[in-house]
Structure formats: C-alpha cells, structure tokens
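Welcome to this guided tour! Please open your viewer and get ready to select a few things in turn.

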Amino acid sequence: MSNYRFSHLDQLEAEAIFVLREAAAQFEKPALLFSGGKDSIVMAWLARKAFWPARMPFPLVHVDTGHNFAETMAYRDEFVVLLAARLIVGSVQESIDRGRVVEETGPGASRNKLQTVTLLDTIEQHQYDACLGGGRRDEEKARAKERFFSHRDDFGQWDPKNQRPELWNLFNGRKNPGEHFRIFPLSNFTEMDIWMYMKREEIPLPSIYFAHNREVFQRNGMLLAVTEFLKPQSHETAASRVVRFRTIGDATCTGAVESTASNLDEVIAEVAAARQTERGTRSDDKRSETAMEDRKKEGYF
Amino acid sequence: MDLLRFTTAGSVDDGKSTLIGRLLYDSKSIFEDQLEAMEESSRRRGDANVNLALLTDGLKAEREQGITIDVAYRYFATPKRKFIIADTPGHIQYTRNMVTGASTANLAIILIDARKGVIEQTKRHCFIANLLRIQHLVVAVNKMDLVGFSEAGYHRIIEEFREFASRLDNIVEIVFIPISALNGDNVVEKSANMGWYEGPTLLYHLENVYVAGEENHVEARFPVQWVVRPMSDEWHDFRGYAGRVAGGVFKPGDAVTVLPSGFTTRVKAIHSPKGELSEAFAPQSVCLTLTDEIDISRGDMLVKANNPPQVGQDIEAMVCWFSPRAMPPRAKFILRHTTQETKAVVQQVRYHVDINTLHKIEDVDGFAMNDIGRVCLRAAVPLFYDSYRRNRQTGSFILIDPATNETVAAGMIV
C-alpha cells in the first residue's frame, strides 16, 4: 500500500485542518487570533481550506498594539478579503485610554505585555470560548509542553502542571462557564515547515519578511527598526541596512536580521543555515529564562 | 520528505535527556542561542558540564527541581526525514505520560543502562509500547563506555530482552544498538570503540526504518466531523461532510453506508480548494459530497458495506487510569470516540495488569492512578468501532469525568 504516501507537510496539514474543525465543532464561539505574523497567516490559510467552500465559521481577531509596521496592516486588510473572513480588532491604545493598562516607560518599553489585557478583554467582550493561536511547540521551551487544546481557567490562566493528557486524535474541549480554551493547530509545525508550506501553497506574505532597506540600530544584540514608536537613544546610532524579519510582533520588540533573501527559496535556504532560533530576535523572550512561561500563565498567547 | 514520530522511554538516569540532547546536537538542531542559554543556566546551577537536560526541561518547576513533569515534544529534521519526539519523563506519573506519548508514535526507543541490563522498568516500558501498538522498537543499550564496550555484556542483554519480548505480540521489529549517549558512540556517528558492532547507528536507523503502511488502507472509515454548508449563491445546494479518513480509501462513485442510519449512497466528489480529488485515504482531512440527500451529522460514520465496523453499546477495552482520584465501582463518564461523544458506564473491571510482571490481578473493582486493566463498558448509544489492533483511530477512546471535565482515562478496544 505504499502508493498512499503522505509527505510530512501533508501530515501536518491534515492534522491542523482536523484540529481547526474540532475547534469549530466543540465550541460555541471560537475566534482565530490573527497577528499578521507568518504563523497566523498559515493558520488562517488552513482555516479557509478546512471549511471550504463555506466561509470559516469564526472571525479573525487582531490585537492591535498600535505599534505596527505599516506593511503588516496593509497586508492584513488585503488578506482578510482574500480569505473572505471577518475581522475583529482589539486595541491596546483603547485599553490604555480607558485606564485598563498603564503604558511601560523607558527605552525598553513595549506594549507586548499589555496585549494580554486587551486580548482577555476582547475575549470577554465577545464571549469567545476558544481562541485559535498560531503557536508552535518548537518555538520556545515552555511551548514544547503545550497541548493542542489548552485549558484556561476563569482568569485566563494556564496551569502547566495540570494539563489534560492528549491522546490520539481525541481532544477534550469540555469546560465550565467562564473558562475558555486556547487551541494551537500548528503545534507540530517547525519554523522550516511553515516556510516550506507557504512555498508549496503559494501563500502571499507581507513584504517585510523579505530583504529590504531599513533604518535600524543595535540594542541588546538585536537590530531594531527605527519607527515612530521606537527611536535610538543618544549613544545608539541608526544606519540603513538590508534586513528582513523572521517573526513579526510589536514593532518595538521585534528584531530584524541582516539578509539579502528576497524570495521564499532564499529565505528557506537561510532558515536551513540559521544558527539562531527565530525567537532570538524577540526581546520579549529575553527578559528572563522563563519569560514565555510567565506570560503564558497570565494568558499571553 | 516523510515524518517519523517516536517516543523515548528509560528509567531515571538512563541518559534519556542526554540521548535526545545528543541527537539534536549532532544533527545540528540546537541553535546557538539555545546552547548559550543552556551553558548560562548550567553555570548558574553549578553543573559540571553543559546539562543537555535543560533543553528538554522547559517549565520553571522542572528546572528548579531538576525533574521533567510533562510530555515535551521535540523536533528535528535531517535531509531524509522530519522527526517528532514525544519525550516522556521517567518518574512522576510515568504511565500516564508514556501512554500519552506512545499514542501517536510509530516507534519507541527503549533505553537500557548497560551496567544494569533488563530491569523491571524496561519491561514496563515495553508493555506500554506493545499495548499502544507501537510496531517498531529500538533497544538502545546505553553507557557502553562504562562497561568497557563489552560485546559479551551487550549480547547478554539482548538475550535477556528477547526472552521476555517474545510475549509482546504487537511489536513487529526490534533493533538493538549499543551506544554511549554521553560521548556520541553509535548515535549519529559510528563508534570507533565497538568495531564488533556491524549494525546501523541510531540516527541512520531512524532515518531509514520503514513505517509506511501502518495506516489501515483496507477498511474504509470516515467519521463525520463537521457538515459544510456554504449557503452562498455560488454553492447554493452544497452539502459536504468534512472529516479525517480513519481507514481505507474513498473514491468518487464508491458505494458507502451511513451509520447509524444504515442508508446507502455513493460518493459524489471529494472537494478541496484546489479542485476535486480522485481519492481520499487515511489520514487525509477532506470534504465529501454524496449523491443522495441523507440526514447526516457529526458523530456519524461513512463506511463500506463489504467490511463494516462493529456496532454496539457493550465494549471490552483495556483502560489506563490517569486521574489522581480513584475510579469508584460502576462509575459514569463521558466517552469520546472518533467524533462521537456519549455517556458510558463501567459495568465491570475484569482485571488489572501488574505492569512489572505482566500478571493479571483479578477480583478488583476500581482503578487508582496509573493502573491499567480490562473493563466492560456500556455506552448510551451504539459506537461504530474496530479493535485497537486493527485501527488506532476507531479503536481508541478517552473517558471524561463529567464533574470536573478532566480526561481521566484512555481506552483501547479489545
């Protein structure tokens, strides 16, 4: 029966689609968290496939820090149209204006942490009972232990020591009122798989994933982009370099890498040769050894 | 490139974390920043060498206590294959974690300390691998450097292992490899210290072991997961059934029977956004349309009349109990099987298995955490099932405690 060969990308796709459909079937009001980053792009693409020719039965939710790269926002709006999806935006700026959160100050200030409050508020406002996220287990050590269906208590918290065992294809999404789930259809994708899948599917991508000229400066071993939200301090000097981004988060904490890779093949070759993880370009993970676990426990994606 | 999912099993200090670290390190899957972070933590903890276990112990509590709490998934790839490792901890809640890790694995690596040989835990690991129907075992005899790379010692362990492994009837292949995970002998590179060993290195074996064909491509099973109804102008009357093929092959024109209604119809088309497909086979996720309009919903199953599944409410199964709360006699649960969910009651616990001796223990009623045993269950509605031995997807289920919503047990239909 060896003619029924199934490549690793086929397997990952079939698994992710299965998980997306389980989410739709087991929950009353799921939502897909869309950051504009490549993982959420792939997840939304898979959601389109999972329910095609019907529309996906949940909206895309974007938690907007207000500190975005302009390219990400333009892309988001086009992509939503391409997928025939609905878009809901939760705004960190609004959370700040309403006094729900206090903006960090100082040169290392970021709205990354504030997102959690806006996210939990958006979930509560719309009463989403499951949020689909593009998290991958290869990203970070705390994520390696994450389930496909990850339970969150009344306060949106994750209890890593008390997770439900997950066997075969059987996902347990049962919960009490007020609790919700985070669901990670891409759990078994690696960074390389994401790139290879985007190439295979010819998924359009935001331009900042490819090499371009940009004003950047060095901080804590990272190349940060000069934006209206982030300026170099007096001892830091900005210069124009040819760079691209390996991940896209808030513009204040996502580092660029120097690269001339201008298409998917060149990016894939570069990823294959990379000696640094992609989260090495994220200052939000560098705050402490267990920074990701700490944020996840509070409800971060 | 294809995919191999494997799990690793070993007792405490058998060198499991070191082996995984070695595989990732030697296959260049550890990145510089991970290595730096690991060196930094090792230094702070005062470890003598870089502690490769820090790579797998991700949670704060684990790093503080130097133990692994939960199943962790690791990824690496070579030009030949992509690998997913379910790394299961050696002590706390061992059975629960190994069962979880084994449920999706095609292969298990059983680690044996060359100085100790086959011990009770080795038997326990093999019993679980066999119970979860992992067909390929690799017995890695580790720490060969500590026994002077002795060929005679290695063969003695093989003999010991074969003696009890003859009872493991689901395992079709056992490969023995003498290694030193610490120094890398026979892990990725062939050992210069064991010229007498002519077999493959561990990585070579993992890259080349033949695991295709473990899906059941004969008995057609399609549990309906979701009904696709676009209700758009373009797809006005479209009614598709989305799901993951759990067995067999479906082609347009094939006659299919719908369970539980028993109606028969034909597959009209297999849809994908890129056009129609000529066939769908396990484990593809697809969307089927049928030639007749029949009332079909989630939990129903499409099958073929010439090899139907068993249909019934009374199920005999092996169960692993996961919950710290013991199972009382005649307990009621929510049973999740394929895409179906129903109530069920445990009518009788027939026996427990002592997983160290593999003996049956009769005259028992409930279960405590990590117990494994055979039960007779009654479901509130008929299930469409196969034995776990024939089909891992249609032969498996979980039990959920309706009071806490926790997954309290995993079951394999006999």
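## A walk through chain A

Start by selecting chain A: of its 301 residues, 52% count as buried. Keep in mind as you look around that this is a predicted model. Now switch to a cartoon view, where chain A shows eight helices and 10 strands. Among the contacts in chain A that join residues at least 6 apart in sequence, 75% link residues at least 24 apart.

Next, colour chain A by domain. The domain assignment gives domain 1 as 8–194 + 290–298 and domain 2 as 205–286. The C-alpha centres of these two domains of chain A are 23 Å apart. Where they touch, domain 1 of chain A supplies 21 residues and domain 2 of chain A supplies 20.

Which elements give two or more residues to the domain 1 side of this contact in chain A? Select α2, α3 (70–82), α6 (191–201) and α8 (291–298) of chain A to see them. The largest share of that side, three residues, belongs to α3(A).

Now for the largest nonpolar core, which has 180 residues. Select Leu20(A), Leu32(A), Ile183(A), Ala108(B) and Ala140(B), the residues with the most contacts inside this core. Helix α2 of chain A (residues 38–51) gives the core its largest share, nine residues.

For a last stop, zoom in on Leu20(A). Leaving aside neighbours within four places in sequence, Leu20(A) is in contact with Leu46(A), Ala47(A), Ala50(A), Leu132(A) and Pro185(A).

Notes. Residues numbered from 1 in each chain as written. Chains lettered and ligands numbered in written order. Predicted model: local features only at pLDDT ≥ 70, side-chain atom pairs only at ≥ 80, totals over all residues. Core = buried A, V, L, I, M, F, W, Y, C linked by C-beta atoms within 7 Å. Buried ≥ 20, exposed ≤ 12 C-beta atoms within 10 Å, placed from the backbone. Helix = DSSP H or I, 4+ residues; strand = E, 2+ residues; numbered from the N terminus. Contact = placed C-beta atoms within 7 Å. Domains from an automatic or database assignment.
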